Amino acid sequence: MKSVLKTILPIIILAAGAATFFLLKSMQTEPERVARPNLGPLVKVIEAPAQRVQVIVEGQGTVRPDAQINLVPQVSGVVVWKDQALKSGGAFIKGDVLFRIDPRDYELALRQARAQVEQARYQRDIAQQESDVAQQEWQRMRGGDSTPSDLVLRLPQLRAAEANLTAAQARLEEVALRLERTQLKAPFSGRVRTSQVDVGQHVNAGQPIAQLYSIEKAEIVVPVPDEDLAWFTLPAPVETKADEWETQRINSGRNEDPNASLHYARRGATTRVQGKFAGMKHEWNGRVVRTEGELDPQSRMVRLVVEVDDPYAALAEGSPPLTVGMFVNVAIAGRHVDNVRIVPHAALRQDDVVWTVAADGILNIRPANVLRRLQDNVLARVDLNEGEHIITSQINGVTNGMKVRIGDVQKEAGS
């Protein structure tokens, strides 16, 4: 009996399981099929509103003095005194006496010249008196019936005496000038680059003894591409009459017109000069004052000269000066352009087009009129409808009118 039960029980279990499977299968229903629409790829977009933008032209350069001279004495002699500032790195202001040459020889020459003037004046006075006496004698002897000659009136002797007096006075002025030149004064406020003079040294006229540079103004030579000249105001290279400035649209008071053909004014564009001093960034104001002689024929770069007035003025406020030799960045304030959009490079596609999308999710391909390419963005004019955004994502197989999904929206390029 037990053996029969062991044989029949598995068969009953299998039969019950099979019956349950077929019962459940007969009860199942077919799942409802739902068609999902193709929403397209997910994209990132930016808001690029049309706005008024000022173009900034950037460049770099090295600071140099606007004036640099060799200090050369005009008289010879022994140096008897020198200013402590007359050494490498020393600073001075305009009119400071930098060193003195022994003046004694020139003082003696001055006394001698004064004596010669007095002697010449004495001779002139004698000649004048003798001429007056001759005139009186002629009147007494001849009356007014005839005119005496110059020789009778001793006028040649008088003119010679006056000429001698004039020469003596000129000699006195010359000696006084040479005495004045025994003191060498600073022609401008500046600093000493090099110096080779000391007390007791004999210097000769025409011998360079020091090199000075001005700190009243500083210059920076900034090379920029030729095409960048269209974006900012240049100082006129020649003087022009006032009415010609107006008719040629290069007067300093005109509005900046992006379509203007000339961009000259009496004063060039303003600049911001930025450099590092003691590891910290500092800024100075400057202005474009001229361009150097010619365009570089190989690089097609124009060398602008930016001038900074009083580069040491910030010392009074505890800020560093604009030091000669400093490497700086220069930002030139350019013209304003209207109705322009800031578009990142990633959003500008081949052939200068952009992809746009509105709330309906339809992609449109629109042309972009690129005005200027910047480091990270471009300035372009693009016609966009209300609520339309520019796509920054990379998509394969783009066609005009395809469907996309809008993801992240950035307020503007670079945000």
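Trainee: Which backbone oxygen lies 3.2 Å from a polar atom of the side chain of Arg-349?

Mentor: That oxygen belongs to Ala-346. The model is predicted, so local features need pLDDT of at least 70 and side-chain atom pairs count only at pLDDT 80 or more, while totals for chains, interfaces and linings use all residues. Residues are numbered from 1 along each chain as its sequence is written, and side-chain values use heavy atoms, with hydrogens and water left out.

Trainee: Where does Arg-349 lie?

Mentor: Arg-349 is in the loop between strand 17 and strand 18 (353-357); strands here are DSSP runs (E, at least two residues), and helices are runs of H or I (at least four), numbered from the N terminus.

Trainee: Is Arg-349 buried or exposed?

Mentor: Arg-349 is buried, meaning under 20% relative accessible area with a 1.4 Å probe, protein chains only.

Trainee: A change of topic: how many residues has helix 3?

Mentor: Helix 3 (residues 155-180) has 26 residues. Its first and last C-alpha atoms are 37 Å apart, close to the 38 Å expected at 1.5 Å a residue, where the expected span is 1.5 Å times one less than the number of residues.

Trainee: Which residues of helix 3 are buried?

Mentor: Among them are Leu-158, Ala-161, Leu-165 and Ala-168. An α-helix has 3.6 residues a turn, so residues three or four places apart point the same way.

Trainee: What covers the buried residues of helix 3?

Mentor: The cover includes helix 2 (104-142) and strand 7 (183-185).

Key
Buried means under 20% relative accessible area, exposed over 50%, partly exposed in between (1.4 Å probe, protein chains only). Contact means heavy atoms within 4.5 Å. Lys and Arg count as positive and Asp and Glu as negative; His and the chain ends are not counted. A salt bridge is a side-chain nitrogen of Lys or Arg within 4 Å of a carboxyl oxygen of Asp or Glu. A polar contact is a pair of N or O atoms within 3.5 Å; within protein, one must be able to donate a hydrogen and the other to accept it, and residues adjacent in sequence count only if both atoms are side-chain atoms.
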